[in-house]
Amino acid sequence: MACRYLPAPMTTTRSTSCIVLALGLAGAVGVAIAAEPAGTPAKSQGKMTETRAVAPPMKPGPDGWYDANAPDGSFKVRIPGMFRGFVETGTSDAGAIEHTVGVRANLPAAFGSEVTYTASCIQQEGDKRSAKERLQAVIDRWDALGSMLYRKQIDSTSPPGFEFEMADDFKVMRVRLFALARGNCTLLLTWRPVAKPSDAEIAKFFDSFALIKR
């Protein structure tokens with residue numbers, strides 16, 4: 001998939017493969033299979049193996065949103081619908097072992113489309129880079145997929161991070177990245193251009209993310 005290395009803007013002919021690559025960067029490989037029941041056997045996804053975590057019974061809060069905790073309890077986030085947890089183990093392009101935990105929801109939207117909410121954190125064994133170096137490397141990989149519509153630093157969060165948006169003819173992606181002492185976390189929203197979530201919903205999802213001290 002050569003589009004990983006092309007700096008030109010994303011086009012119709014490149015969009016599908018670039019979207020898949022971008023989802024992989026977020027630790028969200030295989031969003032299309034998220035509709036399968038929780039607890040299904042591990043799946044091979046190239047270099048990545050995903051195991052679905054069985055979630056406890058879910059009840060929404062008074063606002064209709066759900067409290068979603070990572071399968072390992074490392075973070076929490078709020079999602080406006082039922083979600084599934086996932087655990088992934090794989091190898092990076094450099095051959096390092098990567099461990100990812102996250103939660104994901106594919107929710108119905110306007111015109112028969114879906115909005116996908118994903119929150120995930122990834123740790124790489126033997127990664128000696130600083131948090132700043134690690135964050136910059138992830139941003140550079142995203143940037144290589146196509147033009148960012150905007151990019152801004154988020155200083156009001158802990159840990160601090162970056163937010164940006166990318167789009168092609170079929171998908172829009174809004175992303176927040178956070179660098180941790182031993183990894184990084186990604187919040188990812190994807191939608192069709194005709195089915196954008198409200199700005200209030202986007203902010204509520206992003207701003208609800210919090211690491212849990214253990």
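I began with strand β8 (residues 150–154), which pairs with β9 in the antiparallel sense over five bridges; strands here are DSSP runs of E with at least two residues, helices are runs of H or I with at least four, and both are numbered from the N terminus. Two strands count as paired if DSSP finds at least two bridges between them. Within this pair, I found that K152 has E163 of β9 as its bridge partner.

I noted that the model is predicted, so local features need pLDDT of at least 70 and side-chain atom pairs count only at pLDDT 80 or more, while totals for chains, interfaces and linings use all residues. Residues are numbered from 1 along each chain as its sequence is written, and side-chain values use heavy atoms, with hydrogens and water left out.

Next I followed β9 to strand β10 (residues 172–180), and the two pair in the antiparallel sense over seven bridges, forming a hairpin with four residues between them. There, M166 has M173 of β10 as its bridge partner.

I then checked burial, where buried means under 20% relative accessible area, exposed over 50% and partly exposed in between (1.4 Å probe, protein chains only). Six of the seven residues of β9 (residues 161–167) are buried, so this strand is largely enclosed by the rest of the structure.

Last, I looked up which residues of helix α2 are buried, and they are R134, L135, V138, I139 and W142. These residues cover an arc of only 135 degrees around the axis, which puts them on the same side of α2; the arc is that of the directions from the helix axis to the C-beta atoms.
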